[in-house]
2 protein chains.
Amino acid sequence: MYIETAGTTKFDRKLAAPCLKCPTRRHSIYAALSGDMLDDLFRRGHCLALGRGETLMWEGEEALLVGTVRSGLLKITSMMSDGREQILGLAFPGDFVGRPFSRQATSSITALTDTTMCVFRGNVFDAFAGNHPELQHAVLLHALDELDRARRWMMLLARTSARERVASFLIEMADRAGAGDGEPVDIMLSRQQMADFLGLTIETVSRRLTALRQARVVRLPDLRSFIILSRAALRDAAGDALSLAA
Amino acid sequence: MYIETAGTTKFDRKLAAPCLKCPTRRHSIYAALSGDMLDDLFRRGHCLALGRGETLMWEGEEALLVGTVRSGLLKITSMMSDGREQILGLAFPGDFVGRPFSRQATSSITALTDTTMCVFRGNVFDAFAGNHPELQHAVLLHALDELDRARRWMMLLARTSARERVASFLIEMADRAGAGDGEPVDIMLSRQQMADFLGLTIETVSRRLTALRQARVVRLPDLRSFIILSRAALRDAAGDALSLAA
DNA sequence: CGTGCGGTTGATCCGAGTCAAGCCAAGTGG
DNA sequence: CCACTTGGCTTGACTCGGATCAACCGCACG
């Protein structure tokens, strides 16, 4: 919908060394892999820092990188020719992004906040995975999980009301942040991004949020955070769209 | 939405032998695999016939089988507690269904027409794939394809009008059938199933179809088939939702 | 100060959903 | 053979939720 401030990606080879001690290597798809193998893999990787709004890859263009998010938040998006944009998924720390075994990006990937990543050149990663079935297995499990998540999200986009979508989004964000009721949760998205994610317009998102505020279900201390006052009421508003987002 | 006539699945071990000559073994995920390995794998497989409306697995329940469609058509669905159903995907001949490396079904799989399949017990398939990285690689590529398809479909469900959805559905079906303009194409879905697929109601599907008929874009010789009269007009109606379904 | 940007709020519109009636072809049973 | 039902589909009248268009608010920044 908007052309984000698109800078060049900061690709600093000198940061490769710290990757060997990268905290994400024990999580996400690497969790099940042996230390030796990880050393081997991470020697081939690099650290990458993306500023808010910077884009890792563009839909339809060549995509040379794959990797995992270390900190921050990415959006995976697709856009129609008339400008309608849809966020197809979010990538939180630990999530794997990019398309192994293909150099064609089927969607754009853009940083919503300042983000750091562990990245590999696609062909390097592919070759390594080809020699290490365990890694390929881990990638497969991750892909199957993503497929399930995408399908549940399809359900939400196809069949639920704006009320249900906004409520289940808030629950999802609170759960991701591990925040209990009464604790402030950081919404890392602008209203526009929430709208793109939920398949709504910015005005509808705003209205549904104020409705929840007026019903004393949440507080909205500022534009980028919220506090759940009544979990039960929020769950109720989400219907079982809740379980779809899980 | 409806309780389909749910029979027990016809699981006939005696049909295993013909699987060695099953035509699908040279297609789909098996295409890249060696003949010896396929013999080995298919010795462990079975043929399965599903009548229209029969269900291979139920959402949330244990799913012991994985396999590929040999002939016919399956729907992959999920349902909300209030009965709202959504078709998350269709499985045409050659497509792989089921969830390897997990015995939990995340969606239901039901035959829309009489269907034959090549199936494997999940744990048998998993073990075999564990010993044959090429097979696992093929499954991974298939999963990544499905993920892309699901994400494009999300876009369609989130952002397009009923007109665009119905038009792109017709184009998709015609392309799948390889039928040119003027040739009748079999819609293998009822109006209800089309609605569940497109995230619409049966009435809206019906209205959009008659609108296309009245505009002389398609002919509808009977309830289960259609003929494209003007490809250009149909493409136009689909907008670029067309490319989303591809 | 203005100016711009992100967000909210209000008025109105429109398209898909809902509810209800009717159509037609395929059974079904007297 | 014909009345009657049944199920899938179409059509019409109406409703309603979310989109659209537009005004406005508040804050950051020059």
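## Salt bridges between the chains

A salt bridge is here a side-chain nitrogen of Lys or Arg lying within 4 Å of a carboxyl oxygen of Asp or Glu. By that rule, the count between chain A and chain B of this predicted model is 10 salt bridges. One of the pairs joins R151(B) to E146(A), with the closest N and O atoms 3.0 Å apart.

## The interface of chain A and chain B

In terms of residues, 44 of chain A are in contact with 44 of chain B. The two chains bury about 4,000 Å² between them, and 62% of this area is on carbon and sulfur atoms. Of the area that chain A buries against chain B, 19% is supplied by R151(A), M154(A) and R159(A), which is more than any other three residues give.

Polar contacts also cross the interface, where the rule finds 22 residue pairs, both residues of each pair being at pLDDT 80 or more. On the side of chain A that touches chain B, at least two residues each come from strand 5 (74-79), strand 6 (85-91), helix 4 (133-159), helix 6 (191-198) and helix 9 (241-245) of chain A. Helix 4 of chain A provides the largest share of that side, namely 20 residues. Sorted by class, the side of chain A that touches chain B holds 24 nonpolar, eight polar and 12 charged residues.

## R84(B) and its surroundings

R84(B) is placed in the loop of chain B between strand 5 (74-79) and strand 6 (85-91). Once its neighbours within four places in sequence are left aside, R84(B) is in contact with M155(A), R159(A), T160(A) and E164(A) of chain A, and with S78(B) and M79(B) of chain B.

Within chain B, a polar contact of 2.8 Å joins the side chain of R84(B) to that of D82(B). V97(B) is 13 residues from R84(B) in sequence, and the C-alpha atoms of the two are 23 Å apart in space.

## A hairpin in chain A

Strand 11 (residues 218-222) and strand 12 (residues 225-228) of chain A run antiparallel and are joined by three bridges. The hairpin that joins strand 11 of chain A to strand 12 of chain A passes through two residues, and D222(A) stands opposite S225(A), which belongs to strand 12 of chain A.

Methods:
Residues numbered from 1 in each chain as written. Chains lettered and ligands numbered in written order. Predicted model: local features only at pLDDT ≥ 70, side-chain atom pairs only at ≥ 80, totals over all residues. Heavy atoms only, no water. Contact = heavy atoms within 4.5 Å. Buried area = accessible area lost by both parts, 1.4 Å probe. Polar contact = N/O pair within 3.5 Å; in protein donor to acceptor, adjacent residues only side chain to side chain. Helix = DSSP H or I, 4+ residues; strand = E, 2+ residues; numbered from the N terminus. Nonpolar A, V, L, I, M, F, W, Y, C, P; charged D, E, K, R; others polar. Pairing = 2+ DSSP bridges.
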